[in-house]
Each structure stands twice: as C-alpha cells, then as structure tokens.
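Open the structure in your viewer and keep the selection tool at hand. This short tour tells you what to pick next and what is there.

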Amino acid sequence: MEIVSLFLFFGVIYGYFYLKKKVKTPTTPKLYNLPTNGGYDLEIVGEASFQDNLLAICGRKTKNGHNKKTIVYLILEDNNPVDKNAVRIDAEGKTVGYLSRAVAIKYRDYLKHYQLTNIIGTCPAVIKGGWERDNGDSGHFGVWLDFTL
C-alpha cells in the first residue's frame with residue numbers, strides 16, 4: 001500500500017510540473033505604432049452606431065463642431081459573427097467604429113507581411129463633426145485615421 005501511495009504521490013508531482021511546462025499562458029498584446037503620413041485620409045465605418053461614445057469622447061456638440069485629435073487602437077476581432085476579418089477601432093477606451101471590409105483585409109495582409117503577431121496597432125486619428133446650430137442643423141461625428149498601408 002505504501003508503494004502504491006508513493007507512486008501516486010510522485011505521479012501527481014511529475015504530472016503537475018510536466019503539464020505546467022506544456023501549458024502556454026497567453027501573452028498580453030504589445031502596442032505597435034503604425035506608419036503615418038499626416039494625411040488623416042482613412043475614414044472608418046460604422047460610426048453611426050457609436051455616436052454616444054464619440055459624444056462622450058468629445059464632450060458635447062458645439063456650434064462649430066469638433067476637430068479632435070486622439071490616438072486609436074486597431075483591434076482584430078477574429079470571432080466577430082458578422083465578419084471574421086473585422087478590425088475594431090477604439091479611442092479612449094470606447095469603440096468608435098471599424099475599418100471597412102476591404103481595408104480590414106489589407107490591414108491583416110500588412111500584419112502578415114511584416115510578421116506582426118500579438119499586437120494592437122495604434123495611430124493618430126481625428127474626430128470631426130458633432131455640431132449643433134441654433135437653426136436645428138446638427139451633424140454626426142466621423143473618424144479619420146492617419147495610417148498608410
């Protein structure tokens with residue numbers, strides 16, 4: 001009985017350390033500054049669904065609107081039920097839109113080409129719009145990225 005207990009004890013210890021080496025713990029993605037050109041010409045899509053988030057980032061609507069510069073994060077959404085290539089755009093901890101389908105594919109190709117894995121791309125962006133005038137004229141927010149592929 002003692003020999004069985006001894007084998008069982010060493011088997012458990014061996015299994016614990018053996019499995020501990022085999023199990024890979026996920027690593028935190030690193031931030032990667034994407035190439036820019038100062039143009040802010042890459043418009044994102046889906047902002048209409050995130051107007052409340054954009055309003056929270058910019059404050060309130062104003063007579064002349066906003067032209068707010070910020071930093072955005074491009075987050076791969078591999079498990080997105082609508083588009084397996086989706087790339088979400090977050091600013092100041094809030095989702096503000098997505099790359100278009102065509103641009104998302106080009107972005108993923110860019111990451112593969114440069115062997116960039118486990119990263120979150122970052123780049124400057126500008127949030128424009130958000131005006132509200134006395135005559136009732138009101139404008140939605142839009143987001144443009146300073147990022148070149």
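Start at G59, the residue that follows helix 2. Its phi is positive, near 105 degrees. Keep in mind that this is a predicted model.

**Helix 2**

Now step back into the helix itself, residues 51-58. Which residues of helix 2 are buried? Select Q51, L54, I57 and C58. Look down the axis of helix 2: these buried residues fall within an arc of 120 degrees, so they line one face of the helix. What do they pack against? Show strand 3, strand 4, strand 5 (94-98), strand 6 and strand 7.

**The core**

Next, bring up the largest nonpolar core, which has 27 residues. Color L74, L99, Y107 and L145, the members that touch the most other members. Two or more core residues come from each of helix 2, strand 3 (66-76), strand 4 (87-91), helix 3 (101-113), strand 6 (119-129) and strand 7 (141-145). Helix 3 gives the largest share, 5 residues.

Zoom in on L99. Leaving aside residues up to four places away in sequence, L99 touches L42, I44, V45, L74, V87, I89, A104, Y107 and L145.

Select C58 and then C123. C58 has 12% relative accessibility and counts as buried. C123 is buried too, at 2% relative accessible area.

**Salt bridges**

How many salt bridges does the structure hold? There are 6. Visit three of them.

- Select K68 and E92. Their side chains meet in a salt bridge, 3.8 Å from N to O. K68 is in strand 3 and E92 is in the loop between strand 4 and strand 5, so the pair ties together parts 24 residues apart in sequence. K68 is partly exposed at 27% relative accessibility, and E92 is partly exposed at 44%.
- Move to R88 and E77. The closest N and O atoms of this salt bridge are 2.9 Å apart. R88 lies in strand 4 and E77 in the loop between strand 3 and strand 4, 11 residues apart. Both R88 and E77 are buried.
- Finish with D83 and R101. Here the closest N and O atoms are 3.9 Å apart. D83 sits in the loop between strand 3 and strand 4, R101 in helix 3, 18 residues apart.

Note on methods. Residues are numbered from 1 along each chain as its sequence is written. This is a predicted model: local features need pLDDT of at least 70, side-chain atom pairs count only at pLDDT 80 or more; totals for chains, interfaces and linings use all residues. Side-chain values use heavy atoms; hydrogens and water are left out. A nonpolar core is a set of buried Ala, Val, Leu, Ile, Met, Phe, Trp, Tyr and Cys residues joined through side-chain atoms within 4.5 Å. Buried means under 20% relative accessible area, exposed over 50%, partly exposed in between (1.4 Å probe, protein chains only). Helices (H or I, at least four residues) and strands (E, at least two) are DSSP runs, numbered from the N terminus. Contact means heavy atoms within 4.5 Å. The arc is that of the directions from the helix axis to the C-beta atoms. A salt bridge is a side-chain nitrogen of Lys or Arg within 4 Å of a carboxyl oxygen of Asp or Glu.
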